[in-house]
Amino acid sequence: MSYGDKTAVDGLSLAVDRGSITAVLGPNGAGKTTTLETCEGYRRPHSGRVRVLGLDPIADRRRLLPRIGVMLQGQGAWSGVRAMEMLRHIARLHAHPLDVDMLSDRLGLDECGRTPYRRLSGGQQQRLGLAMALVGRPEIVFVDEPTAGMDPAARRTTWELLREMRADGVTVVLTTHYLEEAEQLADRVHIIDHGRLIASGSPLELTRGGTAATIRLVVTRPFPPGAPDSLRIALGDATEVTQLDERSLLVIGPADSTTLARVSHWCEEQGVLPESLTLGRRSLEDVFLELTGRELQP
Ligand SMILES: Nc1ncnc2c1ncn2[C@@H]1O[C@H](COP(=O)(O)OP(=O)(O)OP(=O)(O)O)[C@@H](O)[C@H]1O
């Protein structure tokens, strides 16, 4: 998919299992929304092939639409319509909708049911958008950044609802910037960057590696040139070292006391003073960083 000269999705190839939750993860502009919109039939791919439930999202649109649910990134409702009017309207368009009152109760829409869409808060609009995507009992639901702008309680409710949908056999495809969301929810994560697939796997497969641990080292002054290579040599073959910025390095490997002692010894040799030394589990963020050399979130 291109927009003029700009290639937004570039030979991306991925498949989603029925009844699973799949997260498409990537930084701003990676091509996540374009990918979803192509699957939803809103955009015609310039080349390649898309099938959803075995159907062509554009040629078979009429057959596909009743079977899918879509939560767009923002918008999706008329600005003057009241929240519950909108939800009831969407429910009436479906043959076997979910119980609207149950959904509204679960997603806390009761408090704003009579509020016009344009006056809803960002989080309330998101919750209504999710309810609209789910109310038709879709076989597959596409949710674009479902919890962006939600408070922590609403985020947890959303995760619960999506897990319940999966338990009922619904296929969920979501995009997210939130690594925690992908780690919490997804059976499979596809990491994309510049419209290309750069890694796929379960969160565990992607974050496994050695003892799945990291050490983040931040020092008070910029590192001398060649610091990552020199630290890698000091630590031995089992470790990977990535420079995050001029004052911080990420070490992936065994985070044991020997490694820590070697890191501080190396700092002394290099004449740099550690400002912080943080141990952690290797996260999807670290995976993204290793693959691209950049942080996922700006
Ligand atoms: N309608 C459009 N016209 C021109 N360029 C566009 C359009 N929509 C998206 N793009 C460009 O295509 C690329 C992919 O955009 P897309 O919205 O698919 O990314 P994204 O991964 O969903 O980003 P975000 O996380 O910010 O929502 C970006 O470089 C974006 O600027």
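Colleague: Which strands does helix H6 lie across, and at what angle does it run to S6?
Modeller: In this predicted model, helix H6 (residues 152–167) lies across S3, strand S5 (140–144) and strand S6 (171–176). The angle between H6 and S6 is about 150°, on a scale that runs from 0 to 180 degrees between N-to-C directions.

Colleague: What is the order of the strands in the open sheet?
Modeller: The six strands follow the order S4-S5-S6-S3-S7-S8, and their pairing is mixed.

Colleague: What makes strand S4 and strand S8 the edge strands?
Modeller: Strand S4 (68–71) and strand S8 (196–201) each pair on one side only. From one strand to the next, the twist averages 15°.

Colleague: How do you know that S3 and S7 pair, and in which sense?
Modeller: Pairing takes at least two bridges. Strand S3 (residues 21–25) and strand S7 (residues 188–193) have four bridges, so they count as a pair, and the sense is parallel. For an example you can look up, find Leu25, whose bridge partner in S7 is Ile191. As background, strands of a sheet pair through backbone hydrogen bonds, in either a parallel or an antiparallel way.

Colleague: Why is H1 called largely enclosed by the rest of the structure?
Modeller: Seven of its eight residues are buried, so H1 is largely enclosed. A residue counts as buried when 20 or more other C-beta atoms lie within 10 Å of its own. In H1, the buried residues are Lys32, Thr34, Thr35, Leu36, Glu37, Thr38 and Cys39. The cover over them includes S3, S5, S6 and S7.

Colleague: Which phi does Leu53 have, and where is Leu53 placed?
Modeller: Leu53 has a positive phi of about 50°, although it is not a glycine. You will find Leu53 in the loop between helix H1 (32–39) and helix H2 (61–64).

Colleague: Why is Leu53 called partly exposed?
Modeller: Leu53 has 15 other C-beta atoms within 10 Å. Exposed would need 12 or fewer and buried 20 or more, so with 15 Leu53 is partly exposed.

Colleague: What can you say about His194, and why does His194 count as partly exposed?
Modeller: His194 lies in the loop between S7 and S8. The phi of His194 is positive, near 50°, in a residue other than glycine. His194 has 15 C-beta neighbours inside 10 Å, which falls between the cut-offs of 12 and 20, so His194 counts as partly exposed.

Key. Residues are numbered from 1 along each chain as its sequence is written. This is a predicted model: local features need pLDDT of at least 70, side-chain atom pairs count only at pLDDT 80 or more; totals for chains, interfaces and linings use all residues. Helices (H or I, at least four residues) and strands (E, at least two) are DSSP runs, numbered from the N terminus. Two residues are in contact if their C-beta atoms, placed from the backbone, lie within 7 Å.
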